[in-house]
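Visitor: I'd like a close look at one part of this protein. Could you walk me through the charged surface and what surrounds it?

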Amino acid sequence: AGSLLGHRELLENLLKDKEELKNKSERLKQQEQELRTALAKEQDELEKEKTAKKDLEAKGASQTLETTMLNDRVTELTERTELLLREHENEKRRVKQHHDGELTAIVQESEDMMKTLQDKEDKLHLQMQEEKD
């Protein structure tokens, strides 16, 4: 009976772990949304810079230095946007692998405990049956 109580505690702890993973997942979704918002902001800024560049060119401005600076800025923003996207994808992959591993371990441990509990229960029934006979 004492070991059954211990197994029950382990199962309860596994349920708590599962809830913590769920919470982590929610936080990651929130972080992903924040990254998407930041990315959208960067892309918006990039579009504004591109528009400003086009406006300068349309006016036929002979301001090559300013155009060069805007080109550099567009390039910089494009690279930052691409970097943000790569980092986001890498983080999503890493977190998914981590969560998948933890969930697999929890499921396996739960299955092992259920088998152990079933074996103990069967053994207990057998003993009770033998004592009865």
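**The negative patch and the salt bridges**

Guide: Asp 17, Glu 19, Glu 20, Glu 109, Glu 111 and Asp 112 come together on the surface as a patch of negative charge. A patch here takes residues with over 30% relative accessible area and no salt bridge, like charges being joined within 9 Å. This is a predicted model, so local features need pLDDT of at least 70 and side-chain atom pairs pLDDT 80 or more, while totals for chains, interfaces and linings use all residues. Numbering runs from 1 along each chain as its sequence is written, and side-chain values use heavy atoms, without hydrogens and water.

Helix 1 (2-58) and helix 2 (64-132) each give the patch at least two residues; helices are DSSP runs of H or I, at least four residues long. Glu 20 sits in helix 1 and is partly exposed at 47% relative accessibility (buried is under 20%, exposed over 50%, partly exposed in between, with a 1.4 Å probe and protein chains only).

Now for the salt bridges, meaning a side-chain nitrogen of Lys or Arg within 4 Å of a carboxyl oxygen of Asp or Glu. The whole structure has 13. In one of them, Arg 80 pairs with Glu 42, with the closest N and O atoms 2.5 Å apart. That pair links distant parts of the chain, Arg 80 being in helix 2 and Glu 42 in helix 1, 38 residues apart. Arg 80 is partly exposed at 34%, whereas Glu 42 is buried at 12%.

Note on methods. Patches are made of residues with over 30% relative accessible area and no salt bridge: like charges are joined within 9 Å, nonpolar side chains (Val, Leu, Ile, Met, Phe, Trp, Tyr) within 5 Å. Accessible areas come from the Shrake-Rupley method with a 1.4 Å probe; for residues, only the protein chains shown count as cover. Lys and Arg count as positive and Asp and Glu as negative; His and the chain ends are not counted. The place of a charge is taken as NZ of Lys, CZ of Arg, CG of Asp or CD of Glu.
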